[in-house]
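I opened this structure to look up a few helices and one annotated span. My entries are below.

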Amino acid sequence: MAHQDKRTLSSSDSQRQNAPYIHKVGIPPKQDLLKEFKTTMKETFFSDDPLRPFKDQPKSRQVMLGLQAIFPILEWGRNYNLKKFRGDLIAGLTIASLCIPQDIGYSKLANLPPQIGLYSSFVPPLIYAFMGSSRDIAIGPVAVVSLLLGTLLQNEFDPVNNAAEYRRLAFTATFFAGITQATLGVLRLGFLIDFLSHAAVVGFMGGAAVTIGLQQLKGFLGIKHFTKNADIVSVMKSVFGSMHHGWNWETIVIGASFLALLLSAKYLAKRNKKLFWVSAVAPLISVILSTFFVYITHAEKEGVAIVKHIEQGINPPSVNEIYFSGENLLKGFRIGIVAGMIALTEAVAIGRTFASMKDYQVDGNKEMIALGTMNVVGSMTSCYVATGSFSRSAVNYMAGCQTAVSNIVMSCVVFLTLKFLTPLFEYTPNAILSSIIISAVIGLIDYEAAILIWKIDKFDFVACMGAFLGVVFASVEIGLLIAVSISFAKILLQVTRPRTAILGRIPMTSVYRNIQQYPEATKVPGVLIVRVDSAIYFSNSNYIKERILRWLTVEEEHLRATYQPRVQFLVIEMSPVTDIDTSGIHAFEELNSSLVKRDVQ
């Protein structure tokens with residue numbers, strides 16, 4: 001009897017050893033609703049934990065940290081030295097030589113007087129140098145924002161017949177662009193600009209570059225009567241319609257000669273990185289040479305259009321010119337939001353690009369507050385929307401800038417230009433400004449990125465081309481609307497139609513993978529394994545349920561046609577599922593009911 005008990009005991013032990021070990025899932029600790037809500041809000045708006053440095057610090061240190069958070073110059077300024085200043089001085093002088101001719105040209109894109117373009121490279125860079133967190137970004141007017149602002153403002157007021165109202169609306173739009181940017185930073189809503197996908201931005205920038213280039217044909221060919229529409233069809237009609245009586249050959253010779261010089265300088269700098277300064281100083285040299293040529297030959301008498309008078313002196317105050325009431329307030333608010341968001345997207349992208357190259361962090365929310373503050377102050381000092389310029393930032397980086405002091409150096413050079421040198425630009429031909437803008441915007445057409453997008457994601461390519469064609473064939477606003485719409489459509493599509501996959505076992509392993517990606521993977525007879533590649537919410541739960549049933553139906557039809565055993569077990573692999581809500585649970589309950597009726601476990 002004892003022997004039998006012993007044998008029974010040993011057999012039960014061996015059964016226990018052979019039985020599969022079941023891992024118990026721990027139940028997460030209960031959280032009260034308020035604590036859970038606070039955690040979610042913190043992760044959404046304060047994921048970088050900005051108050052962490054303030055913990056366990058004395059009051060005086062907390063005040064200093066607070067000031068450093070608002071003015072980063074107080075932090076890095078303590079370690080500033082002569083060696084860093086030498087790098088910033090060279091970089092600042094180099095970008096100043098590039099920005100002066102560009103500013104005059106970009107102000108024409110915005111249909112504003114040339115001095116306003118120069119004003120916008122004097123005050124905003126000074127503000128940014130104290131408040132910005134990027135060491136490499138160069139601040140000033142940019143082509144895309146200038147074109148966007150000019151197009152939107154032109155829809156409200158004629159820049160020639162209603163010049164005063166047009167200028168006032170430009171300052172109002174700049175004010176609200178700054179308010180928008182600063183508000184996004186203060187409320188920590190920087191993630192909103194990420195809704196505009198990289199593909200849409202590539203397409204929009206490329207389309208804007210083509211549109212800007214086409215707009216420059218007026219100055220490049222010396223056409224006096226040019227269309228106000230920005231689409232390619234209207235521009236081409238205007239160009240070829242005035243071919244026999246509107247083109248000026250002297251203007252074309254000047255424009256083509258210097259465009260060839262600028263593109264050659266750009267090519268040389270691209271081939272040899274050490275010669276970056278050739279591309280940077282080429283625009284200013286072109287302006288000096290062309291201005292001197294027109295002055296000594298009096299080419300303006302032969303129909304060559306020139307800049308004429310640029311007001312001398314620094315920025316006059318413009319607070320009293322901003323619309324703070326009436327219907328023009330709403331117009332300025334609407335235009336300002338659009339221009340502010342595009343300017344913000346460009347600046348943050350540029351800041352992040354150069355920060356990654358130098359291995360430091362750029363605080364997106366601080367950048368927004370800095371950009372917003374500089375545009376609000378700029379609107380009160382006769383400036384229009386300024387942001388980070390990619391061409392200038394690239395030159396700034398190549399010239400060896402160390403800190404934002406390069407922006408201060410650039411501002412000082414622009415200040416001296418406004419104070420003493422503006423009369424020298426009187427005979428500058430418009431054709432050279434057109435050539436400078438054309439050579440600058442060519443770099444915005446990133447065809448290599450478009451090819452890569454095509455190879456990786458066809459839907460992204462549709463977004464890219466939709467934005468591009470919208471800008472080129474319709475208008476900047478339509479292109480922007482298409483870019484935003486397709487970006488949102490992609491998000492909705494991915495949320496509401498997540499991917500599912502059939503898994504098979506890779507031979508000689510216990511690993512299961514997608515049979516479409518791993519053709520050697522084989523299905524387990526009588527078992528269907530489906531993987532869900534997304535969180536399961538109310539928006540996609542019904543689709544996931546129906547998609548799993550469809551996989552099952554297709555598999556059963558295939559097995560019947562090939563006389564194989566039917567599916568007895570359905571395994572749903574949910575490792576990628578990070579979250580599931582009540583709708584998802586309800587959908588799985590319905591799925592289980594359907595499987596019971598089909599006699600599938």
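Entry 1. I noted that the model is predicted.

Entry 2. I looked up how helix H8 (residues 143-154) sits against helix H10 (residues 198-215). They pack at an angle of about 70°, and their axes are 10 Å apart. Angles of 65 to 115 degrees count as roughly perpendicular, so I put H8 and H10 down as roughly perpendicular to each other.

Entry 3. I listed the residues where the two helices touch. From H8 come Ala143, Val144 and Leu147; from H10 come Phe204, Met205, Ala208, Thr211, Ile212 and Gln215. Seven of the residues in this contact are nonpolar, two are polar and none is charged.

Entry 4. I turned to helix H19 (residues 430-441). Its end C-alpha atoms are 17 Å apart, which agrees with the 16 Å that twelve residues should span at 1.5 Å a residue. Is H19 mostly covered or exposed? I found it mostly covered, with twelve of its twelve residues buried. Among them are Asn430, Ser434, Ile437 and Val441. The buried residues of H19 pack against H8 and H10, and also against H5, H11, H13 and H14.

Entry 5. I looked up the record. An unreviewed UniProt entry annotates residues 517-601 as "domain: STAS". In the model this span is 44% helix and 13% strand, and its end C-alpha atoms lie 27 Å apart.

Methods:
Residues are numbered from 1 along each chain as its sequence is written. This is a predicted model: local features need pLDDT of at least 70, side-chain atom pairs count only at pLDDT 80 or more; totals for chains, interfaces and linings use all residues. Side-chain values use heavy atoms; hydrogens and water are left out. Axes are lines fitted to C-alpha atoms, for helices over the stretch in contact, and angles run from 0 to 180 degrees between N-to-C directions. Helices (H or I, at least four residues) and strands (E, at least two) are DSSP runs, numbered from the N terminus. Angles under 35 degrees count as roughly parallel, over 145 as roughly antiparallel, 65 to 115 as roughly perpendicular and the rest as oblique. Contact means heavy atoms within 4.5 Å. Ala, Val, Leu, Ile, Met, Phe, Trp, Tyr, Cys and Pro count as nonpolar, Asp, Glu, Lys and Arg as charged, and the others, Gly among them, as polar. UniProt positions are given in the numbering used here, feature names are shortened, and annotations may be inferred rather than shown by experiment. The expected span of a helix is 1.5 Å times one less than its number of residues. Buried means under 20% relative accessible area, exposed over 50%, partly exposed in between (1.4 Å probe, protein chains only).
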